[in-house]
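Thank you all for coming.

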Protein chains: 2
Amino acid sequence: MSTQTPPPDATRDRILYSALRLFAEKGFQSTSVADIQREADVHAGSLYHFFPTKQHLLLAVLAAYRDGIVPMLLEPAWRGVEDPIARIFALLGAYRAALEASACTYGCPIGSLALELHEPDPPVRELLAVNFDGWVRHVEACLDAARDRLPPGLDRHQLAVFTLTTMEGAVMQARTHRSLHTFDASIASLHDYYQRLLATTDKGTTK
Amino acid sequence: MSTQTPPPDATRDRILYSALRLFAEKGFQSTSVADIQREADVHAGSLYHFFPTKQHLLLAVLAAYRDGIVPMLLEPAWRGVEDPIARIFALLGAYRAALEASACTYGCPIGSLALELHEPDPPVRELLAVNFDGWVRHVEACLDAARDRLPPGLDRHQLAVFTLTTMEGAVMQARTHRSLHTFDASIASLHDYYQRLLATTDKGTTK
DNA sequence: CCGAGACTTGAGTGATCGCTCAAGTCTTGT
DNA sequence: ACAAGACTTGAGCGATCACTCAAGTCTCGG
């Protein structure tokens, strides 16, 4: 019952991506539904035809992030980068570039929403967690690919979680200080940790 | 008439700490001035006599955090802990205890506010940054006290920033997952990093 | 005892919020 | 051609928001 013609849900998508952009720029609560209407150039009735409440809009935005992590984030960041460890730091570099391009204003939208919504309804919190888990899973896959260069007993899932932790904490401080200094310091420390982990097994091998 | 000793600003303090508690529990934007009036048991006119706008209230709360970090956070966390490295992880343990006591709801109020307010007015952002800087300075002092157990060329300020980064990122994930698993994983990784740093200089010594 | 300023009371302001809905227009299957 | 549903229009709703203010009460110096 859906249209296979070129514009499948042009209006719906326009609303969705306007909301995505505004939530990332101003936050969820500071974005009014009227803001989204204006940005998407639709009237109230159209918006509420597709999204019965503002929270449904938030859920759709979080689902878009979940589904867009590979094509919108990882593929661009990993283009031309093959080494799995290099890919992890290329991903962190993508966040740095986004911060730099926005004068340390744009950070990780998932992290912002996670801390902004203190008591999110269960489906919202679930989608936030799913987004974090997806990010961690992709980093963990890189670590798995480099498993023979890492210490044998290393908990790679734990290290992937730690990498997300570092990114989120570093982005938070960069936005607060409006400076990349603390971001770079954090990534440098994480990189030093990685180097020490990689050095552990380097001693026996001749690479 | 009830208090014989002149209470300098009993009402003002009651408003201030009601705001502090509510901002930490529900966030800044989700807390209405009416909520604070109710919690502090004052009427609108009294509140606005002391704090001309909601933002002035926020500034006062952030100043209270800045001034309260030693007596309210560090002294309790460090009671009975003398080793400077142990003090750092005791501090992280205090955040873990707060998360555990609140079912992973209460995190770092500064971090929450930092990400909730996307475009904070300059004085607000400044006070957020001051709070971060104070935290880092105290951790850095611990690292300085343990300098002879750390690698010679180590950038201790960078490591202190990285420690805050880890705490903030770990708290964010704990609140999102409503679980301490990712928090513990992050702290464990940070601890492993510290152990590797400490082990570097152990090789030469005979402890 | 008085006056002045500090503080409190509490009804009330306009603005903005998320959301509704009756009345359209457009698209689609038959 | 035509009915039915999908989508759009845009005025308007009640609730809540941060904030105001005139009229108090209280405290204290002189």
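**Contacts between and within the chains**

Let me start with the two chains, where 49 residues of chain A are in contact with 49 residues of chain B. Please keep in mind throughout that what you see is a predicted model. Chain A and chain B bury about 4,300 Å² between them, and carbon and sulfur atoms account for 57% of that area. As for the polar side of this interface, the count between chain A and chain B comes to 16 residue pairs in polar contact, with both residues at pLDDT 80 or more, whereas the rule finds zero salt bridges across it.

Now let me turn to the inside of chain A, which is divided into domain 1, residues 1-52, and domain 2, residues 61-202. The centres of these two domains of chain A, taken over C-alpha atoms, are separated by 28 Å, and the contact takes nine residues from domain 1 and eight residues from domain 2.

What area is buried between domain 1 and domain 2 of chain A? The value is about 720 Å², of which 73% comes from carbon and sulfur atoms. On the domain 1 side, the residues that lose the most area to domain 2 are A:L20, A:A24 and A:F28, which together make up 53% of what that side buries. The domain 1 residues that touch domain 2 divide into six nonpolar, three polar and no charged. Across this domain interface in chain A the rule finds two residue pairs in polar contact, both at pLDDT 80 or more, and zero salt bridges.

Finally, the core: the largest nonpolar core has 142 residues, and those with the most contacts inside it are A:W135, A:L143 and A:F183, together with B:W135, B:L143 and B:F183. To take one of these, B:L143, if we leave aside its neighbours within four places in sequence, is in contact with residues including B:I85, B:I88, B:L150 and B:Y194.

Key:
Residues numbered from 1 in each chain as written. Chains lettered and ligands numbered in written order. Predicted model: local features only at pLDDT ≥ 70, side-chain atom pairs only at ≥ 80, totals over all residues. Heavy atoms only, no water. Domains from an automatic or database assignment. Contact = heavy atoms within 4.5 Å. Buried area = accessible area lost by both parts, 1.4 Å probe. Salt bridge = Lys/Arg side-chain N within 4 Å of Asp/Glu carboxyl O. Polar contact = N/O pair within 3.5 Å; in protein donor to acceptor, adjacent residues only side chain to side chain. Nonpolar A, V, L, I, M, F, W, Y, C, P; charged D, E, K, R; others polar. Core = buried A, V, L, I, M, F, W, Y, C linked by side-chain atoms within 4.5 Å. Buried < 20%, exposed > 50% of the residue type's maximum accessible area, 1.4 Å probe, protein only.
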